[in-house]
Amino acid sequence: MAQTVAQPTTTTPVVPAKLPLKAIAPWAVFFGILMLVLLYFVGAEQGATSVVSGSDVHEWVHDARHLLGFPCH
Amino acid sequence: MNSATVRNLLVRGMLAGLGAGLLALVAAYFLGEPSVDSAISFEEAHSHEHEMEIVSRSLQSTAGLATGVLVYGVAFGGIAALAFAFALGRVGRFSPRATALLLSGCALLAVYVVPFLKYPANPPSVGNPDTIGKRTTLYFLMMVLSVLLAIGATILGKRLAPRIGTWYATVGAVAAFAVVIGLAYAFLPVINEVPKDFPASLLWRFRLSALAIQTVLWGGFGLVFGELAERLLNPKPVTAAASGRVAVPS
């Protein structure tokens, strides 16, 4: 028993403390939606659906859309 | 305090996403762009109508590509940081660094590889413009389904672990995920719009480069964000404390 007291810092990982859901939720809702909007503009705007008219957004991110795996024209 | 921790994680996630995006951009430019150019040459050789160029090819393949890849990196970095804030200490006995890498690996599979195996990335000139609506819907459906099933499988594994042990719980959860994804693969419509004479080797190279870009992105994100999260949450140097080197006088 004395040995365990002498070696308090073993290699056993300490389970990290959980972050409370109440602290995560406001960030998750606001920034989660913001990030999804960004993904929409990179991945789908002016393809199947359009928020901005024309095809400037589509043409600008054209190569990224193909290479990131999104369906593109 | 805890809300500040979430904010700090979110900021670090977006920064790590930007860094990983830069790495992915290098991969996209050097591995992906040659295939995109070849595919566009094919398209021009086989198309009768000549479309007006709105954004020049040299801008599309540099600034345009960078915009898309970096925004993608930052956006997924932010989402992954929020998922990390939730997963930390809940998925298992993993350090922040290990949790970050595990999460990134799962994200690569759930967000990209699983949808890719059903609806793979296509170079220019592959894909009928008239079906863009259907293809977009199916692709995002597959992505959402895969992410939700991955979350479901994780919850299932956590529930089973106390009863049958971590090993069998993990195997069971992965098997359940694979079975449901297999059913989705079997029942969702097949899309094959590759032109008859499109070079198979070009399609293969394009798709491999698309996979490489995502692997670089998520691998880079996992390592960079893991490092930042570890330093934020465990400020003490772990190795020195664990080996006891500090306490031993020479």
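**Entry 1: chain A against chain B**

I began with the contact between the two chains of this predicted model. I counted 38 residues of chain A in contact with 54 residues of chain B. I then looked up which helices of chain A supply that side. Helix H2 (21–43), helix H3 (56–60) and helix H4 (62–67) of chain A each give at least two residues. H2(A) gives the most, with 10 residues. I also sorted the side of chain A that touches chain B by class, and noted 24 nonpolar, nine polar and five charged residues.

**Entry 2: the annotated span in chain A**

I checked the UniProt record for chain A next. An unreviewed entry there puts a "transmembrane region" at residues 24–43 of chain A. In the model I find this span to be 100% helix and 0% strand. Its end C-alpha atoms lie 26 Å apart. I set this beside helix H2 of chain A, which runs over 21–43.

**Entry 3: the annotated spans in chain B**

I repeated the look-up for chain B. The unreviewed UniProt entry lists "transmembrane region" at residues 9–31, 69–88, 100–117, 137–156, 168–188 and 208–226 of chain B. I took two of these spans further. For residues 168–188 of chain B, the end C-alpha atoms are 30 Å apart, and the span is 95% helix and 0% strand.

**Entry 4: H1 and H2 of chain B**

I turned to a helix pair. Two packed helices are described by the angle between their axes and the distance between the axes. Helix H1 of chain B covers residues 2–46, and helix H2 of chain B covers residues 57–87. I read an angle of about 145 degrees for their packing, and their axes are 6 Å apart. I recorded the crossing of H1(B) and H2(B) as right-handed. By class, I noted 24 nonpolar, seven polar and two charged residues in the contact of H1(B) with H2(B).

**Entry 5: domains of chain B**

Domain 1 is made of 2–125 + 198–243, and domain 2 is 127–193. The C-alpha centres of domain 1 and domain 2 of chain B lie 20 Å apart. Where the domains touch, I counted nine residues from domain 1 of chain B and 13 residues from domain 2 of chain B.

Conventions. Residues numbered from 1 in each chain as written. Chains lettered and ligands numbered in written order. Predicted model: local features only at pLDDT ≥ 70, side-chain atom pairs only at ≥ 80, totals over all residues. UniProt positions renumbered as here; feature names shortened; annotations may be inferred. Helix = DSSP H or I, 4+ residues; strand = E, 2+ residues; numbered from the N terminus. Contact = placed C-beta atoms within 7 Å. Nonpolar A, V, L, I, M, F, W, Y, C, P; charged D, E, K, R; others polar. Axes fitted to C-alpha atoms, helices over the stretch in contact; angles between N-to-C directions. Left-handed = near helix turned anticlockwise from the far one by under 90°. Domains from an automatic or database assignment.
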